[in-house]
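Please read them with the structure open.

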Amino acid sequence: MAVLPIRISGDPVLHAPAAPVTQFDSDLRTLVADMVETMHLAPGVGLAAPQVGVPLRLFVYEFTDGDGVKHEGTAINPVLLISPPPVVEAEESDSEGCLSFPGERFPLVRSSTALLRAVDIDNVPYEIETDGWLARIFQHEYDHLDGYLYIDRLEYPYAKAAAKIARKRSWGAPGQSWMPGVDTFDGGA
């Protein structure tokens, strides 16, 4: 297994829809294992293939809920069904971070429920209906597969603050990345 560099906002692979996974082989198993190791070291609760420069529709996740239940897996070629999020102002408790916009967190309202349909590493279909933070994680990672970062969904004044941070750090150009275990940022998804 290897730790992979995580692309930073502005890299084209993060801002374009990813392609379906068609080959379920040893290369895919290696990619998933490397993504899990990278997610752990970052640390994060999810990581999508585009975040490590691979334009494929897959993400990994690992999250322990408030009851101590560990949720982990690989979602390949997922479909995500959500109800429209409520029309309310984002609160600090709705704060998200992202490994591709490292070290920052901003409030973002998301749907409180999600239904994930995907296949696993063995191409076996599964379905997870969830709510709370796991639903948020699924929405966040699924956005990466469609070419969106959570900062793309922020409203004023948070969108303005994120843009200012990106300018200050000279983010927004192709090829920028950071290496978990070498560079230091607070975790995200």
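1. Alanine 161 is partly exposed, its relative accessible area being 31%. Here buried means under 20% relative accessible area, exposed over 50%, and partly exposed in between (1.4 Å probe, protein chains only). The residue sits in helix α3; helices (H or I, at least four residues) and strands (E, at least two) are DSSP runs, numbered from the N terminus. Its C-alpha atom is separated by 9.8 Å from that of isoleucine 151, 10 residues apart along the chain.

2. On the source: this is a predicted model, in which local features need pLDDT of at least 70 and side-chain atom pairs count only at pLDDT 80 or more, while totals for chains, interfaces and linings use all residues. Residues are numbered from 1 along each chain as its sequence is written, and side-chain values use heavy atoms, with hydrogens and water left out.

3. Lysine 164 also belongs to helix α3, residues 158–168. It counts as exposed because its relative accessibility is 58%.

4. Serine 100 is in the loop between β5 (95–98) and β6 (101–107). With a relative accessible area of 0%, serine 100 is buried. Its side chain makes a polar contact with the side chain of glutamine 51, at 3.1 Å. A polar contact is a pair of N or O atoms within 3.5 Å; within protein, one must be able to donate a hydrogen and the other to accept it, and residues adjacent in sequence count only if both atoms are side-chain atoms.

5. How many salt bridges are there? The count comes to 11, a salt bridge being a side-chain nitrogen of Lys or Arg within 4 Å of a carboxyl oxygen of Asp or Glu. One of them pairs aspartate 94 with arginine 136, with the closest N and O atoms 3.6 Å apart. This pair links distant parts of the chain, 42 residues apart: aspartate 94 is in the loop between β4 (70–82) and β5, and arginine 136 is in helix α2 (residues 132–145). Arginine 136 is buried, at 8% relative accessible area.

6. Aspartate 143 and arginine 153 form a salt bridge through their side chains (2.7 Å, N to O). Aspartate 143 lies in helix α2 and arginine 153 in the loop between α2 and α3, 10 residues apart. Aspartate 143 counts as buried at 7% relative accessibility, whereas arginine 153 is partly exposed at 39%. Salt bridges that share partners join Asp94, Glu96, Arg110, Arg136, Asp143 and Arg153 into one network.
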